[in-house]
Amino acid sequence: MVNLQQPSHREGSRLLLVDSSVLPEVFLRVVEAKRMLAVGQVRSLSEAAKAAGISRSALYKYKDCVFVHNEALDDKVITLSARLEDRPGVLSGLLNSLSEQQGNILTVNQNIPVDGVAAVSVSARLPLPMDIETLRQNLLSLPGVTQVDILSTR
């Protein structure tokens, strides 16, 4: 996405989705510099600019305005609540099942078991199309999973 205005004019800015093949190479190099910083390949903006083959001023000018479109955002994000028996491998089985559905686990929060059952909430990104009720039934059929509720989808 390319922001048509400078960062200081954000309130009136417009975002566009543009094919990278028609953009000046500097934008692609800015994206690469930001990636290198994010993964720890370089430690400073100066180092990132040098490694990407652009000037520091170009990186500073565009770093807050050029982003890579995350195609995964086109997927469905679900948050589910489950009750799991307190025994080894039950949570792992639930997470593995989501992974087998091409799910990317975003968050996991498990409470301490009470009366032999632990409450867990999981957020995951799943590819579209996804039949949520079928997914819920599949998770519910796993050994040790006693309840599954879908809290939200987007």
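**Sheet and helix packing in a predicted model**

Of the contacts in the protein between residues at least 6 apart in sequence, 61% join residues at least 24 apart, a contact being heavy atoms within 4.5 Å. The model is predicted, so local features require pLDDT of at least 70 and side-chain atom pairs count only at pLDDT 80 or more, whereas totals for chains, interfaces and linings use all residues. Residues are numbered from 1 along each chain as its sequence is written, and side-chain values use heavy atoms, with hydrogens and water left out.

The secondary structure comprises five helices and six strands, taken as DSSP runs (helices H or I, at least four residues; strands E, at least two) and numbered from the N terminus. Along the sequence the pattern is β-β-α-α-α-β-α-β-β-α-β. Of the 154 residues in the protein, 27% are buried; buried denotes under 20% relative accessible area, exposed over 50%, and partly exposed the range in between, with a 1.4 Å probe and protein chains only. The protein exposes about 9,600 Å², of which carbon and sulfur atoms supply 50%.

Four strands form an open sheet in the order 4-5-3-6, with antiparallel pairing; strands are paired if DSSP finds at least two bridges between them. Strand 4 and strand 6 are the edge strands, each pairing on one side only. Neighbouring strands of this sheet are turned by 20° against each other on average, direction ignored. For such angles, axes are lines fitted to C-alpha atoms (for helices over the stretch in contact), and values run from 0 to 180 degrees between N-to-C directions.

Strand 5 (residues 117-126) has eight of its 10 residues buried and is therefore largely enclosed by the rest of the structure. Strand 5 runs antiparallel to strand 3 (residues 76-85), to which 10 bridges join it; in this pairing Val117 is the bridge partner of Glu85. Six bridges connect strand 5 with strand 4 (residues 104-110), also in the antiparallel sense, and Gln110 has Val120 as its bridge partner. Strand 3 and strand 6 are paired in the antiparallel sense over seven bridges, with Ala82 opposite Val148 in strand 6. Helix 5 packs on the sheet and touches strand 3, strand 5 and strand 6; its direction makes about 155° with that of strand 6.

In helix 4 (residues 90-100), the residues Val90, Leu94, Ser97 and Leu98 are buried. Viewed down the axis of helix 4, its buried residues fall within an arc of 100°, so they line one face of the helix; the arc is that of the directions from the helix axis to the C-beta atoms. The buried residues of helix 4 pack against strand 3, strand 4, strand 5, helix 5 (132-140) and strand 6 (145-153).

A search of the whole structure gives one aromatic pair. Rings of Phe, Tyr and Trp (its six-membered ring) pair if their centres lie within 6.5 Å, with planes under 30 degrees apart counted as stacked, over 60 as edge-to-face and the rest as tilted. The ring centres of Phe27 and Tyr62 are 4.9 Å apart and their planes lie at 70°, so the pair is edge-to-face. Phe27 in helix 1 (residues 25-38) and Tyr62 in helix 3 (residues 56-62) are 35 residues apart, and the pair links distant parts of the chain. Phe27 counts as buried because its relative accessibility is 12%.

Conventions: Areas by Shrake-Rupley, 256 points an atom, 1.4 Å probe, with all protein chains shown as cover.
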